[in-house]
Amino acid sequence: MTHSSLKAMNKLPQVTLIFWIMKIAATTLGETAGDLLAQTMNVGYLVSSAILVGLFLVSLVVQLKVRGFHPALYWTVILSTSTAGTTMSDFMNRTAGLGYAKGALVLISLLAVVFAGWRLSGYSFDVQAVATFRGELLYWTAILISNTLGTSLGDFLADSSGLGYSGGALVVTGALALIVLAKYRTGISDTLLFWLAFILTRPLGATVGDFFSKPTAKGGMGYGTVGASLILAAVLAALIVHTTRRLRKAAVPVEEPATVKV
């Protein structure tokens with residue numbers, strides 16, 4: 001593998017437990033922040049989607065141009081896909097009237113097209129081996145659609161299934177537990193399990209975000225979109241600082257002890 005390929009690989013984080021914790025925090029914040037803009041500030045789903053997709057494109061351009069992994073930048077792009085995914089999903093399902101089932105079907109179809117194009121391109125599906133500009137572009141396209149799809153699934157579980165916010169979160173948590181079990185007990189592809197987990201952490205974020213922000217009369221904790229967003233932003237910022245410090249420590253070369261000449 002070339003030196004440039006190694007640099008490209010280092011632009012993406014290692015998929016560890018802290019990665020998934022940060023993913024859930026970012027997607028939960030994306031739910032509350034998207035609702036804050038579209039509903040609380042009354043901007044509307046269409047205008048909010050246009051604003052947030054614009055922010056996603058700006059952050060994505062920066063991410064594609066930089067060399068190396070920058071936690072704050074990477075998670076900014078993830079957060080932008082989550083907030084944009086929230087308002088785009090709500091626009092499709094509510095304003096456009098598709099409903100959760102049809103909206104999810106459209107998004108599943110779009111995601112299948114992206115994965116089919118990804119496969120035909122010859123680039124690796126392995127998220128730890130994304131080593132080209134086009135491969136990274138496919139990666140981020142799949143993430144945007146995955147987060148939008150996850151919002152639809154989360155809203156369906158919380159609103160239409162009768163499970164409510166806590167029930168929907170428990171169902172998704174159970175599904176994620178099965179994926180973890182499959183990783184260590186079966187020979188199912190780690191890449192397939194990654195994308196399944198990535199999609200499912202979004203509805204978990206959606207249901208948890210609604211649980212924090214919705215009023216107690218509707219089964220929530222009543223923090224509102226502002227309060228919930230501030231809490232989640234603080235959690236995500238703390239995790240980004242922690243990750244950045246760990247990377248800096250790992251990058252510091254260990255000095256060899258001085259040799260004493262006798």
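I take buried to mean under 20% relative accessible area, exposed over 50%, and partly exposed in between, with a 1.4 Å probe and protein chains only. The model is predicted: local features need pLDDT of at least 70, side-chain atom pairs count only at pLDDT 80 or more, and totals for chains, interfaces and linings use all residues. Residues are numbered from 1 along each chain as its sequence is written, and side-chain values use heavy atoms, with hydrogens and water left out.

Entry on salt bridges. I counted a side-chain nitrogen of Lys or Arg within 4 Å of a carboxyl oxygen of Asp or Glu, and this rule gave four salt bridges.

I looked up Asp-190 and found a salt bridge with Lys-183, the closest N and O atoms being 3.6 Å apart. Asp-190 is partly exposed at 47% relative accessible area, and Lys-183 is partly exposed at 39%.

I then looked up Lys-11, which forms a salt bridge with Glu-136, with 2.9 Å between the closest N and O atoms. The pair links distant parts of the chain, 125 residues apart: Lys-11 is in the loop between α1 (3-9) and α2 (17-40), and Glu-136 is in helix α6. I took helices as DSSP runs (H or I, at least four residues), numbered from the N terminus. Lys-11 counts as buried at 6% relative accessibility, and Glu-136 is buried at 5%.

Asp-90 is buried at 1%, whereas Arg-94 is partly exposed at 35%.

Key:
Helices (H or I, at least four residues) and strands (E, at least two) are DSSP runs, numbered from the N terminus.
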